[in-house]
Structures are given as structure tokens and as C-alpha cells.
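Here is a short briefing on one structure. Please look at the sequence and the model first.

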Amino acid sequence: MENDTLDFDNPQWVDFTKIFGDLLIEVAKTDDRVVFVGADSYRGGGAISYRKAFPDRFIELGVAEQNACGHAAGLAFAGKKPFFSAIANFSTGRCFEQIRNDIARTGLNVVILGRAAGISYGTAGPTHHSIDDFAVLRALPGMTIADPADYSDFKNMLFGAIKLAGPVYIRKHKQVIKKINPDPYSFKFGKGVILKQGSGLAIIACGTMVYQSYWAAYILKKKGIDAAVVNMHTIKPLDTELLGNFIESSGRIVTVEEHTIINGLGSAVSDEIAKKGGAIQLKIGFNDEWPTDGPYLEVLDWHGLTGPKIAERIEQWMKG
Amino acid sequence: MLSDKETIDLLEKSYNNRITLLNVLKKCGDAHLGGASSAMDILTVLYNKILKHDPANPKWEGRDIFILSAGHKAVALYVVLQSVGYFEKEILWTYNALNTKIPMHPDEKLLSGIEFPTGSLGHGLSVAAGIANAYRMDKKDNRVIALLGDGEAAEGAVWEAALGAAKYGLDNLTIIIDVNGLQSENYTSDILPVAPFEPKYLSFGWAVRTIDGHDIKQIYNALSEAPYEPKKPTCIIANTVKAKGVDFAENSPEYHHWAPPSDKMADDAIECMKKCYVMEVDKIGK
């Protein structure tokens with residue numbers, strides 16, 4: 001395995017909701033147009049330090065995501081670089097039409113953060129799970145949709161988002177591996193990162209599932225299955241060039257995402273395969289179902305989204 | 001203060017705009033007659049006397065920003081923008097046509113003078129407040145003005161935005177609510193009673209004035225004297241008549257949209273409008 005720093009028994013996690021404020025301070029230092037827009041989400045969302053550092057560039061609008069989202073659009077219209085943060089289901093679902101009309105349709109550079117996306121809030125129940133955020137946003141032209149796999153991805157996304165022309169959605173996970181990307185690595189929205197080469201099989205994953213997929217590849221390798229692993233941190237626009245290479249070279253593609261298998265990373269990959277053929281695909285994610293409730297890692301395991309379960313699923317598929 | 005002459009001049013512009021509006025309907029078919037005509041005096045005063053803007057330089061940084069939150073009144077805005085020089089009159093006759101620059105709801109990518117795409121109700125105040133908040137942060141003195149409908153007030157996001165604008169003391173923000181008492185399907189009092197507006201906005205922390213939305217002097221004074229209180233956004237409640245000037249259509253739920261069934265009906269409406277203009281001129285100075 002290329003990355004020999006990973007210890008699958010004792011993984012080093014990071015909580016993006018804890019470090020977000022400190023990173024945003026660094027971004028804000030580089031560009032005085034940066035403003036934070038919260039919907040009763042700055043403390044749990046990790047922006048306490050940012051509020052202290054930039055009280056005049058901190059806007060809090062209460063439990064009113066539709067307004068916060070429209071307000072962010074207005075700020076961007078007037079030249080600001082808003083970072084709008086709320087719990088993922090509320091920053092994407094509750095204000096979907098504001099994203100659609102006021103941000104995506106206009107093409108304004110608003111950065112939308114999905115706090116505790118996926119099932120980060122595993123115990124919080126179905127209203128706080130967000131496994132359809134890619135699905136709704138992917139339908140909007142001009143959106144950039146990104147799911148960071150580790151600290152370096154998240155940091156690069158925050159710095160890079162304000163250099164893009166249009167709207168950006170970034171997931172802000174609570175429990176994600178601290179480091180999985182190679183060192184050094186080059187980050188660019190829309191460009192996947194190869195973590196491991198392989199033959200006859202490529203696992204394309206995003207966000208938290210990059211680590212789990214890497215773990216799965218480690219298990220599979222012991223069983224004689226040599227899977228490539230790609231960190232496809234940008235779901236839209238998809239790195240079709242890199243994907244095309246793996247379709248051609250491996251003929252078997254597995255996609256893994258902490259998201260419904262409908263209209264997320266797996267569907268984006270399917271769309272490419274449908275155009276060109278050349279590969280069969282296994283989509284791993286939530287199978288058009290509501291997630292169960294419980295501690296995060298246990299919910300992941302229940303739904304087959306941990307390394308060993310992913311490996312088992314792939315092994316069965318390879319045999320089948 | 002406007003002199004009587006200036007008032008009559010604006011009134012004439014406004015009724016010429018209404019006649020142009022009816023000609024758009026005559027040539028192009030269905031449009032939102034009711035709301036367009038109820039808002040016409042307000043829009044005419046805004047673009048002729050209140051807003052800092054430059055049709056030759058629509059993106060001028062010093063301009064005030066106007067957001068038509070009630071986007072379905074766009075046909076009135078198109079007529080007004082054309083009348084002050086934003087584009088050639090021929091474009092008006094493309095309303096409802098394939099690839100028009102003036103769709104039923106405004107599109108900022110198609111036409112200079114349109115600041116923001118609206119049409120889904122309840123968005124405009126949030127956006128306007130965001131713009132006003134950015135100007136406040138940057139200590140710019142550009143005003144932000146938004147026009148809302150009374151039926152639109154059923155959208156909860158309007159009230160979210162009203163609270164947020166008050167929190168940030170956006171006295172560079174003015175909204176005008178075109179209270180014509182009707183909405184798409186029927187009277188607002190029947191669909192969802194939202195009146196009275198004044199106590200609601202007062203309790204939300206706004207400075208409020210209620211006017212006759214067809215009285216040119218009241219419109220001008222209300223808009224030019226804002227803000228009424230420092231650190232408070234301004235709400236102007238403009239009581240209006242839906243389909244103002246077309247007597248057979250006024251205050252009727254049947255004329256939210258209208259496609260004149262014949263040229264004669266359109267011409268009859270234009271004649272009504274001319275008579276209404278004479279009556280309105282008679283009121284001035286009295």
C-alpha cells in the first residue's frame with residue numbers, strides 16, 4: 001500500500017466542524033471580501049474563533065436558512081465572498097429554491113457548507129441525516145460539489161472555493177480521516193487524486209468513504225484483488241479524464257459514497273460509463289433507503305459502508 | 001416636494017406607460033395586467049425621480065439597486081425601463097415570443113437594467129437585505145429598494161428577511177408593498193389574510209409609512225424622505241387598485257392575468273386608461 005501511515009485499528013480522525021473557524025480565519029486574511037453567514041450554526045459549526053477574529057465580517061441570521069441563503073446571494077451580488085453554513089440538510093434542502101434561483105441561476109460565488117453532512121449526526125434521526133445533498137444540487141447547472149476526504153482536502157477547498165466563478169457546496173464532516181491524500185499532492189476542484197494503483201478494478205470514492213475504500217482495498221489485496229483507489233473529491237464537475245482512464249484500464253468500477261446511490265458520485269460515474277461503455281459498475285452507498293439511527297461508525301457499518309463490509313461486497317461482486 | 005407641474009408630468013409618464021403596457025397585451029397576449037398596473041405609478045416615480053441610475057451605464061457602481069421581488073409585475077418594469085432609455089421599444093413587442101429578452105419573469109442575463117432574477121415569491125427581500133448589508137459593511141451610500149406584493153407576504157421567507165434586515169439596522173433598505181388586495185387566485189383576504197401590514201412591520205423593528213400608491217406626491221415623498229428612523233429599514237405600504245385605470249378590470253380576480261380577447265377589447269381598455277388619466281390630473285392641486 002502506498003500510504004503506510006494509516007492504522008486501520010487506530011485511525012486518526014478530524015472533526016471539520018471544530019477546525020472550520022480557524023481555517024476560515026486564514027482564508028479571510030487573504031481576501032477581505034470573505035464573510036461568514038450563519039443560520040444559528042456558528043458555535044456547533046466551528047466558527048467561534050472566526051467570530052472573534054472578524055466580528056464585522058460575521059453575519060448570523062438565526063434559524064432561517066431560506067433568508068440566510070438569499071442574504072448570502074445579496075452579499076455576493078454586492079461583491080462579498082460569503083461562506084454560508086448550516087447543518088447540511090438545512091443548508092441544502094430547506095433553502096433549495098434559494099440556492100437554485102438566487103445563487104446557482106445567477107452564478108454567484110457563494111460557498112455553501114453542509115455541516116455534519118451524510119450521517120455525521122448518526123444519533124440525531126432522519127431529519128438530521130443528509131444523504132441527498134449531492135442529489136439535489138447536482139441537478140443545478142454550474143454548481144461545484146465537493147466532498148473532502150481529509151484535512152488537506154478541506155483546507156484546499158476552503159481556500160480554492162472563493163477563486164471559482166460560481167457557487168460551491170462543500171461537506172463539513174464531523175468524523176473524517178485526518179490524512180489520506182499523498183504528501184505532497186496537488187489539489188484542484190474537478191481533478192481526482194489517485195491514492196493507489198491497481199489492476200482489474202478501480203474504487204472511486206469521495207469524502208469519508210475514501211478512507212473506508214482504502215481500507216477495503218487493503219483487505220482485498222490480501223485476498224489477491226488489487227484495486228486502484230481514487231479520491232474523487234469533486235462530484236461536479238467530475239474528472240471524466242481520470243475516470244475514463246480507469247474505465248479503459250480496469251473495466252470494473254466501484255463507487256462508494258456516504259450518500260444515496262441516486263444522483264450522487266455513483267450516478268455521475270454511471271453517466272460517463274453510459275456514454276462510452278467499457279466498464280461495469282457497482283454502486284455502494286445508501287440503497288434508496290432511510291438511514292438507521294445510532295453512533296456514526298456503527299450506522300456506517302450497519303449500512304455496509306466500512307472497509308471490511310465494502311471489501312466483502314466487492315469480493316462477492318467480483319465472484320458474481 | 002414635487003410641484004403640481006412635476007406631478008402632472010410624472011402622472012402623464014405613468015399613464016403613457018400604462019397605455020404601452022396595454023399595447024404589449026394587445027400585440028403579445030397574456031400578461032399580468034392587474035399587478036403591473038397597480039405598481040405602475042410607484043415604478044414610474046422610482047425610475048424618474050428616486051433611483052440613482054444610468055441607462056447608458058447599467059452596471060454603474062454608484063447606482064441604487066432595485067429588486068422586483070414580485071417578479072410577475074415584470075411587464076410593468078420592462079415598460080418603465082424602456083421609457084427611461086434602457087432598450088429599444090421594439091423589444092417590448094417580443095413579450096411572450098420565443099427567445100425574448102423580456103420573459104414573464106425578469107432575467108438579469110437577458111436585459112440590462114434587470115438586477116436580479118425573480119418570479120418565485122418571497123426571495124427578493126432576502127437578496128435586497130444582503131445587498132444592503134454589504135453596502136453597510138463597505139460604508140457605501142447606494143440605496144437598495146425592493147417592491148413586494150401583498151399576496152407575496154404569505155411566504156414565510158419574507159418575515160425571516162424582515163427580522164434579519166431589522167437586526168442589522170439596514171436603513172439603506174426600503175421596501176414598498178403594493179397592497180392591491182388581490183393575488184393570483186382571488187382576494188388576499190380570502191386566500192390568506194395577511195393585512196394589516198403596519199403593525200406587523202412596526203413590531204418587526206421597521207419604520208413604516210402608509211400611502212395611497214396612486215398618489216404621485218405621496219409616493220415621491222415616502223420614497224425620498226426614507227429612512228424615517230436611523231438604523232431601521234423602511235417599509236412603505238402602498239394601497240393600490242389592481243388593474244388601476246381599466247375600470248372593468250379594477251379589483252377583479254379575473255384580471256391577475258389578462259389576454260385581451262380582441263383588439264377592440266384592448267382598445268376599450270386603452271380608452272378607459274385615458275379617461276382615468278384625466279380624472280387623476282383633475283385631483284392634483286385639489
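**Helix H8 of chain A**

The buried residues of H8(A) pack against strands S8 (176-177), S9 (193-196), S10 (202-205), S11 (228-231) and S13 (252-260), and against helix H12 (307-319), of chain A. This is a predicted model: local features need pLDDT of at least 70, side-chain atom pairs count only at pLDDT 80 or more, and totals for chains, interfaces and linings use all residues. Residues are numbered from 1 along each chain as its sequence is written, and chains are lettered from A and ligands numbered from 1 in the order in which they are written.

- H8(A) covers residues 208-222, 15 residues in all, and reaches 23 Å from its first C-alpha to its last. That is close to the 21 Å expected at 1.5 Å a residue (1.5 Å times one less than the number of residues).
- Helices (H or I, at least four residues) and strands (E, at least two) are DSSP runs, numbered from the N terminus.
- Eleven of the 15 residues of H8(A) are buried. Buried means 20 or more other C-beta atoms within 10 Å of the residue's own, exposed means 12 or fewer, and partly exposed lies in between; C-beta atoms are placed from the backbone.
- Among the buried residues are Met209(A), Tyr211(A), Trp215(A) and Leu220(A).
- Just after H8(A), Gly224(A) has a positive phi of about 85 degrees.

- The 13 residues of H3(A) should span 18 Å at 1.5 Å a residue, and the end C-alpha atoms are 18 Å apart, which agrees.
- H3(A) is mostly covered, with 13 of its 13 residues buried.
- Gly70(A) sits in H3(A), residues 65-77. Gly70(A) counts as buried because it has 32 C-beta neighbours inside 10 Å.
- Leaving aside neighbours within four places in sequence, Gly70(A) is in contact with residues of both chains, including Gln98(A), Asp102(A), His123(B) and Ala161(B). Contact means C-beta atoms, placed from the backbone, within 7 Å.
- Ile103(A) lies 33 residues from Gly70(A) along the chain, and their C-alpha atoms are separated by 7.9 Å.

**Chain A against chain B**

- 22 residues of chain A touch 18 residues of chain B.
- On the chain A side, H3 and helix H5 (96-104) are the elements that give two or more residues.
- H3(A) supplies the largest share of that side, nine residues.
- By class, the chain A side has eight nonpolar, nine polar and five charged residues. Ala, Val, Leu, Ile, Met, Phe, Trp, Tyr, Cys and Pro count as nonpolar, Asp, Glu, Lys and Arg as charged, and the others, Gly among them, as polar.

**Domains of chain A**

- The domain assignment, automatic or from a database, gives domain 1 (13-177) and domain 2 (193-319).
- Their centres, taken over C-alpha atoms, are 25 Å apart.
- The contact takes 26 residues from domain 1 and 26 residues from domain 2 of chain A.
- On the domain 1 side, helix H6 (133-138), strand S6 (144-146) and S8 of chain A each give two or more residues.

**Helix pair in chain B**

- The axes of H1(B), residues 4-28, and H9(B), residues 263-283, come within 10 Å and cross at roughly 170 degrees. Axes are lines fitted to C-alpha atoms, for helices over the stretch in contact, and angles run from 0 to 180 degrees between N-to-C directions.
- H1(B) and H9(B) are therefore roughly antiparallel (over 145 degrees).
- Their contact has twelve nonpolar, no polar and four charged residues.

How values were computed:
Contact = placed C-beta atoms within 7 Å. Parallel < 35°, antiparallel > 145°, perpendicular 65-115°, else oblique.
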